[in-house]
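I opened a new page for this protein. My plan is to go from the overall pattern to single side chains.

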Amino acid sequence: MVEEILLTTQKMVRDKSKAFTLTLFEKVTAVILFLAIVLLMFVTIHTRSSLDAVQQQVETIRLETRAILDDNVVLQQKIDRLTTSDRLEEIAKLYGLSRNEKNVRSVTR
């Protein structure tokens, strides 16, 4: 009885070792899959770093655009202040000019 158990266990061990042997095709497939996974990891890392660089450039351009828009607002306020009717009349008086209502045209943007 003990001999039967021993023989059965040895047979099971032999059968298990045969179950884990890989064919050449399976080995090649495993190597190809491993290389593909490694390649995909590198591609993912590279793509992510490129995306981060582009996002940083977009943010820089957004900040520059905001600064230009703020400058435009300030300049428009200066234009509005310099072209007020009272200021133009002061300058006209300084140079001895007068307003001729027939020659005045209103231009709106």
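**Entry 1: the fold.** I read along the sequence and noted the pattern α-α-α. I counted three helices and zero strands. Helices here are DSSP runs of H or I with at least four residues, strands are runs of E with at least two, and both are numbered from the N terminus. The model is predicted, so I kept its limits in view: local features need pLDDT of at least 70, side-chain atom pairs count only at pLDDT 80 or more, and totals for chains, interfaces and linings use all residues. Residues are numbered from 1 along each chain as its sequence is written, and side-chain values use heavy atoms, with hydrogens and water left out.

**Entry 2: confidence.** I looked up pLDDT, the predictor's confidence in each residue, from 0 to 100. The mean for the protein is 87. I also noted that 89% of its residues reach 70 or more. Which element has the lowest mean pLDDT? It is helix α1 (residues 2-19), with 73. Helix α2 has the highest, with 96.

**Entry 3: surface.** I asked what share of the 109 residues is buried. Buried residues make up 1%. Buried means under 20% relative accessible area, exposed means over 50%, and partly exposed lies in between (1.4 Å probe, protein chains only). The accessible surface comes to about 10900 Å². Carbon and sulfur atoms hold 65% of that surface. The areas come from the Shrake-Rupley method with a 1.4 Å probe; for residues, only the protein chains shown count as cover.

**Entry 4: salt bridges.** How many salt bridges does a search of the whole structure find? It finds three. The rule is a side-chain nitrogen of Lys or Arg within 4 Å of a carboxyl oxygen of Asp or Glu. Side chains of opposite charge can pair when their charged atoms come close.

- Arg48 and Asp52 meet at 3.7 Å, N to O. Both lie in helix α2 (residues 24-82), four residues apart, about one turn of the helix. Asp52 is partly exposed, at 36%.
- Arg62 pairs with Glu59, and their closest N and O atoms are 2.9 Å apart. These two are three residues apart in helix α2, so about one helical turn separates them. Glu59 is partly exposed, at 35%.
- Asp70 pairs with Arg66, with closest N and O atoms 3.1 Å apart. They sit four residues apart in helix α2, so about one helical turn lies between them. Asp70 is partly exposed at 36%, and Arg66 is partly exposed at 49%.

Entry 5: I found Thr83 in the loop between α2 and α3. Thr83 is partly exposed, at 47% relative accessible area. A polar atom of the Thr83 side chain lies 2.7 Å from the backbone oxygen of Ile79.

**Entry 6: a nonpolar patch.** Which residues make the nonpolar surface patch of about 470 Å²? They are Ile91, Leu94, Tyr95 and Leu97. Patch residues have over 30% relative accessible area and no salt bridge; like charges are joined within 9 Å, and nonpolar side chains (Val, Leu, Ile, Met, Phe, Trp, Tyr) within 5 Å. I placed Tyr95 in the segment after α3 (85-94). Tyr95 is exposed, at 62%.

How values were computed. A polar contact is a pair of N or O atoms within 3.5 Å; within protein, one must be able to donate a hydrogen and the other to accept it, and residues adjacent in sequence count only if both atoms are side-chain atoms.
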